[in-house]
Amino acid sequence: MLGAVGDLPVNLHRYAQGSPEITRYLMFRDRLRAHDDERARYEGHKRGLTGREWADMNLYADAKGPVVEEAIGRAGGPPRP
């Protein structure tokens with residue numbers, strides 16, 4: 001779901017109650033908050049993607065996917081189903 005808050009674009013992820021994705025992404029969030037090196041790795045990857053044109057936001061999300069999945073794995077989270 002793409003929307004805006006003031007002048008800032010936002011991309012909201014929404015999952016059904018009980019979805020395993022909720023736990024996975026909370027683990028990702030917590031991993032970034034607790035590990036400066038993990039946060040720097042994710043930031044560096046995202047900065048590397050900023051110069052590209054994205055025909056679809058899903059392509060951008062896919063490009064971030066491997067780094068996100070690695071962080072979730074290091075947090076002890078399950079692999080994406």
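The model is predicted: local features need pLDDT of at least 70, side-chain atom pairs count only at pLDDT 80 or more, and totals for chains, interfaces and linings use all residues. Residues are numbered from 1 along each chain as its sequence is written, and side-chain values use heavy atoms, with hydrogens and water left out.

**Overall fold**

- The protein has three helices and two strands, where helices (H or I, at least four residues) and strands (E, at least two) are DSSP runs numbered from the N terminus.
- Along the sequence the pattern is β-β-α-α-α.
- The C-alpha trace spans about 35 × 30 × 25 Å along its principal axes.
- Of the 81 residues, 21% count as buried; buried means under 20% relative accessible area, exposed means over 50%, and partly exposed lies in between (1.4 Å probe, protein chains only).
- Contact means heavy atoms within 4.5 Å. Among contacts between residues at least 6 apart in sequence, 45% join residues at least 24 apart.

**Helix α3**

- Helix α3 covers residues 57-74, and its 18 residues should span 26 Å at 1.5 Å a residue; the end C-alpha atoms are 26 Å apart, which agrees. The expected span is 1.5 Å times one less than the number of residues.
- At Gly65 the helix α3 bends by about 45°, and a proline, Pro66, follows within four residues. The bend at a residue is the angle between axes fitted to the seven residues ending there and the seven starting there.
- The buried residues of α3 are Tyr60, Lys64, Gly65, Val67, Val68, Ala71 and Ile72. These buried residues pack against α1 (20-34) and α2 (36-49).
- An α-helix has 3.6 residues a turn, so residues three or four places apart point the same way.
- Asp56 caps the N-terminal end of α3, with a side-chain oxygen 2.6 Å from the backbone nitrogen of Asn58.
- Just after α3, Gly76 takes a positive phi of about 90°.

**Aromatic pairs**

- Rings of Phe, Tyr and Trp (its six-membered ring) pair if their centres lie within 6.5 Å; planes under 30 degrees apart count as stacked, over 60 as edge-to-face and the rest as tilted. By this rule there are four aromatic pairs.
- Tyr15 and Tyr25 form a stacked pair, because their ring centres are 6.3 Å apart and their planes lie at 10°. This pair links distant parts of the chain, with Tyr15 in the loop between β2 (8-11) and α1, and Tyr25 in helix α1, ten residues apart.
- Tyr15 is partly exposed, at a relative accessible area of 31%; Tyr25 is also partly exposed, at 26%.
- Phe28 and Tyr42 have ring centres 5.1 Å apart and planes at 85°, so the pair is edge-to-face. This pair too links distant parts of the chain: Phe28 is in helix α1 and Tyr42 in helix α2, 14 residues apart.
- Both Phe28 and Tyr42 are buried.
- Tyr15, Tyr25, Phe28 and Tyr42 are linked into a cluster by ring pairs.
- Arg24 lies over the face of Tyr25, 5.9 Å from the ring centre. A charge sits over a ring if NZ of Lys or CZ of Arg is within 6 Å of the ring centre and within 35 degrees of the ring normal.

**Glu21**

- Glu21 lies in helix α1 and is buried, with a relative accessible area of 9%.
- The side chain of Glu21 makes a polar contact with the side chain of Arg80 (2.9 Å). A polar contact is a pair of N or O atoms within 3.5 Å; within protein, one must be able to donate a hydrogen and the other to accept it, and residues adjacent in sequence count only if both atoms are side-chain atoms.
- Not counting residues up to four places away in sequence, Glu21 touches Tyr15, Arg80 and Pro81.

**Glu69**

- Glu69 is in helix α3 and counts as partly exposed, at 24% relative accessibility.
- Glu69 touches Arg24 and Arg80, leaving out residues up to four places away in sequence.
- From C-alpha to C-alpha, Glu69 and Tyr25 are 9.6 Å apart in space and 44 residues apart in sequence.

**Pro79**

- Pro79 is in the segment after α3 and is exposed, with a relative accessible area of 67%.
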